[in-house]
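Subject: Structure for you to look at

Hello,

Here is the structure I said I would pass on. Please open it before reading the rest.

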Amino acid sequence: MDFQNINYLVLLTIAINAITCERLHEQIYSSIEGGAACFRRLNGTHQAGCSSSLSGAVGVVHMIRNVTDAQWLVYNSSAGPYVAVVNTWLFYDIIELLMNKSENVAGVLLYDDATMRPDAFSQESRCPNEYASWSKSQCSSTKTPSGIGLVWNEKGTDLLRRDIPFPIFFLPQARMSEISKIEQCYNRYNIDKDNQKGRALCSLQLNSFMYAAVNSVVCLRRSASSAILTPTKVCDPLGDYNVYYSLFPRAKETESKKKPVTLVTARIDAASLFDGVAPGAASSVVGMVSHIVAAATLSQIIPITDVDLYDENVLWTLFNGESFDYIGSQRIAYDIARGVWPPISPLSPKNISLHIELGQLGGSLKLFEENTSWPLYAFVPYENSFPDQVSGFLNEMEKKFSINNMTLTPVFTTNLPPSSLHSFQRILGNVTENDLPELLLVDYRDTFSNKFYQSALDDHENIGFAYHNISIGSDGKFLTTDELIANGEMKESEAQVKIARVATALAHTLYKRVTGKSYTGSVSASAHLVDEMLHCFLQSQACRLLAAAEFGASEESAAERAAPLYVGVAAWAGAPAGHAAHLLALLAGAPRAANRTACDRLDEPGFSYYWLKGWNHSGVCIQTTMNFSQAVSPAFIKADYDMTSGEFSTWTESVWQAMWARVFVSAGGGGARLAAIAGALATVAAALLTYWLQRHAALVFRDAPASLHSDASG
Amino acid sequence: MDLNRMSDTKKLQLCRWYFKVGFVLLPFVWAVNSIWFFKEAFVRPPFEEQKQIKKYVIMSGAGAIAWAIVLISWAVAFQLQRVSWGSTGDALSFIVPLGRA
């Protein structure tokens, strides 16, 4: 009997659990996971990006399958506001319509449909960093294209710099299941477009409320003021770290005997409209990888012990924050102008014998996927005569390129594509009377070959990168490019090989600049190394190279996804600069025979010592000239800087508390109206009843006390 | 306190006291005074202290109204002009507005 009772009890418990365990909240809402929201950034004069209201933007789901759907939403819909659910392929065609007629638009949910990739997708300006360009730049985003000619980023929507009146969320390919969930809900409730008013409808709520507003001046002021109740930080300046490394140490140089340097630069960061999404394959990674690999190659063919043989040095520098009005390069140019960079043995503009920037490379790699050629262009910003260093370098580089049937075409124009050269011209152009000897390497001529500039879709597919996953020996030896081609593991037409060829040409040309003689040896940049490094920056941080370049003491396991390259706020050091710096240290630094404690104690001026994991993960002591310098705009360190002057980058990023999206079925409103009417009627009835009772109290309470009677009678 | 159970002299004392206290930047005391003693001053049949009470009630009322005009104009001006005052507007704010000008 007892046993049976227990059985009943268990059954009852299970039944109760089954009924009540799903909370009401969960029955109503279904959250959309894995979305990335557009957020707010501000500069000295404007706010840009998106924000929802404090409680989130709510709108009826409308699947946009063609432009007509968007037009219906804007002009003919009846149950607004709406959230437009649209894929990346249609986004460019409809976003202007939604932006211009935004009264009926609560928000946009953008998704990346693998089957419908657009031909172009860029939320950058048509003239990136237009307002931080030097005076001779001709690109104008406001004039019509026919008036001036071409713009760099033809299909740029400029959303990254515009104030968007509604929130936008982005769902990557991996989250297509969320879109099918929304689509099911849409098909069930919203499909009858003409009779939506007053019905229960599938709706989306997008929450991405931003604390900051107006401009950087206002938000920084509000962040600094400590109000009694709400000591809230509302925005932070953008910034991170620049990375630099010199071929020879510069600590022992005196003011009178300072070696001229060849400055070789590239940029680290990229951007996109959405939080945590900035793959930047062609926007920055290819240039950065070429830069690091060339630096490593040059360090192999000119040993550091040759320091006294040559009168020229090479300073490799990676700028951060370039996407937002050249934060990194503005800061370095500004610091050079005031004689404080690098901190050890600062440079003056006249010490820079040549500045070579590896600009935006990789946009045309996909175009030349089947082809062994990869035409590059060298922008030389002089109209008439140009410095000998530049022509010498160009001739040598062209020769090195032709060895591998590659071409380098010089373009003589002061209309420079977006690059750090703009910062140097603006800030140092006035400091020196000479022209700054500089040139810029890119793979486009009139307009960007990268149609996905600064976007969520600028990923490894955009440069046609396929990882080969070739193991690295425990001594850190990479297979040479020639070996890989000879044994058929790679083809001449592959991105890795082409990038290695460019890095080789650059390293060999720099060899001639430093030593004065042509390089005759056989050391060249390895496509195997390029393969690994692209994999680290584009696909997974849990890769062989970064594992070896990790701090020896680190126990953290790296994430199996690429680090977003967005510069982020200055208060937080981002991963990409650290990765690039450690790779420079590991690949171009010199291993020292020292254990961990001895390594930490080493202290020679001009060098840093890093205890890294090394190729066999047993730890290695690396001596390197690599170092970091702050990439925070001069606007934030200069006292009394006028934020509206436009002289330096003033970008800040808003603080937010939460970003989430959820789908639910919103009531048609009939139930709510009924409840309100019933409530009002009940109140009136109760009032009438009370009034009647008071008037006729004597009828109800027969034996009412005498005092009541006297009160009633007055 | 029940005014009904109070002698007229006491009422006058109380009314005068409330009027004086109102000078310590307490316009609400004036407002209370003018409403509380309104019946005594204007509705009740005349009595000895009524004239004085009437005086205090009128002056308290005038004071309260003057204050109200000042406070309401400030509130309206602040709400309408805070944004255009810029940093002064933010400095005067007790709660810094989030996500808007």
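Below are notes on one helix pair and on some salt bridges.

Please keep in mind that this is a predicted model.

Helix packing

Two packed helices are described by the angle between their axes and the distance between the axes. In chain B, helix α2 (residues 27-36) packs against helix α4 (residues 50-85) at an angle of about 135°, and the axes are 8 Å apart. The two helices are therefore oblique to each other. The crossing of α2(B) past α4(B) is left-handed. On the α2(B) side, the contact is made by P27(B), W30(B), A31(B), N33(B) and S34(B). On the α4(B) side, the residues include Y56(B), V57(B) and W67(B). Sorted by class, this contact has seven nonpolar, five polar and no charged residues.

Salt bridges

Side chains of opposite charge can pair when their charged atoms come close. Over all chains, the count is 28 salt bridges. Here are some of them.

- R221(A) pairs with D90(B), with the closest N and O atoms 2.9 Å apart. R221(A) is in helix α7 of chain A and D90(B) is in helix α5 of chain B, so this pair joins two chains. D90(B) is buried, at 9% relative accessibility, while R221(A) is partly exposed, at 25%.
- E178(A) and K181(A) form a salt bridge of 2.9 Å, N to O. They are three residues apart in helix α6 of chain A, which means a separation of about one helical turn.
- E40(B) and K11(B) form a salt bridge of 3.3 Å, N to O. E40(B) is in helix α3 and K11(B) in helix α1 of chain B, so the pair ties together parts 29 residues apart in sequence. Both residues are buried.
- E396(A), K399(A), K400(A) and K512(A) are linked in a salt-bridge network.

Regards

Methods
Residues are numbered from 1 along each chain as its sequence is written. Chains are lettered from A and ligands numbered from 1 in the order in which they are written. This is a predicted model: local features need pLDDT of at least 70, side-chain atom pairs count only at pLDDT 80 or more; totals for chains, interfaces and linings use all residues. Side-chain values use heavy atoms; hydrogens and water are left out. Axes are lines fitted to C-alpha atoms, for helices over the stretch in contact, and angles run from 0 to 180 degrees between N-to-C directions. Helices (H or I, at least four residues) and strands (E, at least two) are DSSP runs, numbered from the N terminus. Angles under 35 degrees count as roughly parallel, over 145 as roughly antiparallel, 65 to 115 as roughly perpendicular and the rest as oblique. A crossing is left-handed if the near helix is turned anticlockwise from the far one by less than a right angle, and right-handed if clockwise. Contact means heavy atoms within 4.5 Å. Ala, Val, Leu, Ile, Met, Phe, Trp, Tyr, Cys and Pro count as nonpolar, Asp, Glu, Lys and Arg as charged, and the others, Gly among them, as polar. A salt bridge is a side-chain nitrogen of Lys or Arg within 4 Å of a carboxyl oxygen of Asp or Glu. Buried means under 20% relative accessible area, exposed over 50%, partly exposed in between (1.4 Å probe, protein chains only).
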